Amino acid sequence: MDGQGSPWAHCGLLGPLHIGAVNLDEPASVAPKIRTVLAMLCAHPNQVIPVSALIRELWSEQPPVSALRTLQTYILNVRKLLSQVAGREPLEIAEDVLVTRAGGYSLQSSGLRLDWLDFMQLTDHGRVKLQAGDSGAGIRLIEEALGLWRGSAFADVPTGPVLESRRLLLEESRLDAVEALVNAKIEAGLHQEVIAELASLTSEHPFHEGLHAQYMRALALNGRRARALEVFGRLRTRLVNEVGIEPGYPLQQLQLKILNSHTTKYLPLAAG
């Protein structure tokens with residue numbers, strides 16, 4: 001996304017690692033350790049990734065004696081891969097794309113499309129539209145952003161501490177986007193169409209209070225107040241029995257409002 005001109009390749013991290021030419025659907029085949037190196041580079045574009053960080057990501061705290069030499073071989077293989085994808089000479093790739101810096105390596109993102117950056121940008125633009133009152137455009141942008149996901153982030157990448165931290169961050173950003181989208185649809189009167197999705201999401205994330213709150217709102221707005229209160233009761237039981245805490249104040253307030261009101265307007269909730 002950064003840089004000038006049309007992108008020559010795309011790297012996908014929102015699912016199994018995918019690297020390929022922009023105009024081709026077939027991704028290149030990448031060996032597991034090289035996936036880790038490529039994922040580290042694509043997750044930190046235009047930054048110098050220290051050799052020490054790459055070695056730790058690959059071998060944790062017990063690198064082999066040959067770790068530096070092996071890493072250099074992996075970098076060479078990544079350059080060959082990028083050369084194949086870009087249709088450019090390996091020397092050009094070493095000079096302009098995957099460059100050696102003092103103490104590490106840096107992937108220059110000019111001409112390289114990164115799905116996680118697209119996701120972040122589309123989500124941000126969608127939120128701006130929603131805040132400006134343009135719910136239609138906001139919903140479309142966030143749906144487009146979520147459509148970039150092909151599974152769990154780094155699904156087939158052997159991860160160390162850095163990539164695992166980034167994976168968790170991306171997955172949390174995905175949930176935040178889902179919650180924002182669901183909230184926007186409920187506010188736009190589309191509560192009926194999100195009920196099935198929220199049933200699945202709350203099953204997948206049984207302690208996520210924000211998703212449960214949206215599920216309760218959608219059910220209540222659809223006239224299913226008893227079912228909405230059942231959702232609260234089940235979540236409370238899980239939280240008390242398995243975590244030792246009560247649901248948060250916003251969720252408790254939503255429960256009371258559903259209990260005590262026969263209108264179809266319930267308190268909007270922040271993500272939680």
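**View 1. Ser135, at 31% relative accessibility, counts as partly exposed.** The cut-offs go like this: buried means under 20% relative accessible area, exposed means over 50%, and partly exposed is in between (1.4 Å probe, protein chains only). What you're looking at is a predicted model, in which local features need pLDDT of at least 70, side-chain atom pairs count only at pLDDT 80 or more, and totals for chains, interfaces and linings use all residues. Ser135 belongs to helix 6 (residues 135–146); helices (H or I, at least four residues) and strands (E, at least two) are DSSP runs, numbered from the N terminus. Leaving aside residues up to four places away in sequence, Ser135 touches Leu130 and Ala188, where contact means heavy atoms within 4.5 Å. Leu181 sits 46 residues from Ser135 along the chain, yet 9.7 Å separates their C-alpha atoms.

**View 2. Helix 2 (residues 51–59) and helix 3 (residues 67–86) cross at roughly 95°, and their axes come within 10 Å.** That angle makes helix 2 roughly perpendicular to helix 3. On the helix 2 side, the contact is made by Val51, Leu54, Ile55, Leu58 and Trp59; helix 3 brings Ala67, Leu68, Thr70, Leu71 and Tyr74. For the record, axes are lines fitted to C-alpha atoms, for helices over the stretch in contact, and angles run from 0 to 180 degrees between N-to-C directions. Under 35 degrees counts as roughly parallel, over 145 as roughly antiparallel, 65 to 115 as roughly perpendicular, and the rest as oblique.

**View 3. Helix 2 is mostly covered, with seven of its nine residues buried.** Those buried residues are Val51, Ala53, Leu54, Ile55, Glu57, Leu58 and Trp59. And what covers them? The cover includes helix 1 (32–43), strand 3 (49–50), helix 3, strand 5 (104–107) and helix 7 (161–187).

View 4. Most residues other than glycine have a negative phi. With a relative accessible area of 46%, Ser60 is partly exposed. Asn46 is in the loop between helix 1 and strand 3, and at 40% relative accessible area Asn46 is partly exposed too.

**View 5. Arg88, Glu92 and Asp96 are linked in a network of salt bridges.** A salt bridge here is a side-chain nitrogen of Lys or Arg within 4 Å of a carboxyl oxygen of Asp or Glu. The whole structure has twelve of them. In the bridge between Asp96 and Arg88, the closest N and O atoms are 3.2 Å apart. Asp96 is partly exposed, at 43% relative accessible area, and Arg88 counts as partly exposed at 25%.

**View 6. Asp115 and Arg150 meet through their side chains in a salt bridge (3.8 Å, N to O).** Asp115 is in helix 5 (residues 115–131) and Arg150 in the loop between helix 6 and helix 7, so this pair ties together parts that are 35 residues apart in sequence. Are the two partners buried or partly exposed? Asp115 counts as buried, at 10% relative accessibility, whereas Arg150 counts as partly exposed, at 39%.

**View 7. Arg227 and Glu230 pair up within helix 10.** Their side chains meet in a salt bridge at 3.4 Å, N to O. The two sit three residues apart, about one turn of the helix. An α-helix has 3.6 residues a turn, so residues three or four places apart point the same way. Arg227 is partly exposed with 24% relative accessible area, and Glu230 counts as partly exposed at 41%.

**View 8. Phe207, Val243 and Ile245 make a nonpolar surface patch of about 240 Å².** Val243 lies in helix 10 (residues 225–243) and is partly exposed, with a relative accessible area of 48%. Patches take residues with over 30% relative accessible area and no salt bridge, joining like charges within 9 Å and nonpolar side chains (Val, Leu, Ile, Met, Phe, Trp, Tyr) within 5 Å. Accessible areas come from the Shrake-Rupley method with a 1.4 Å probe; for residues, only the protein chains shown count as cover.

Definitions and conventions:
Residues are numbered from 1 along each chain as its sequence is written. Side-chain values use heavy atoms; hydrogens and water are left out.
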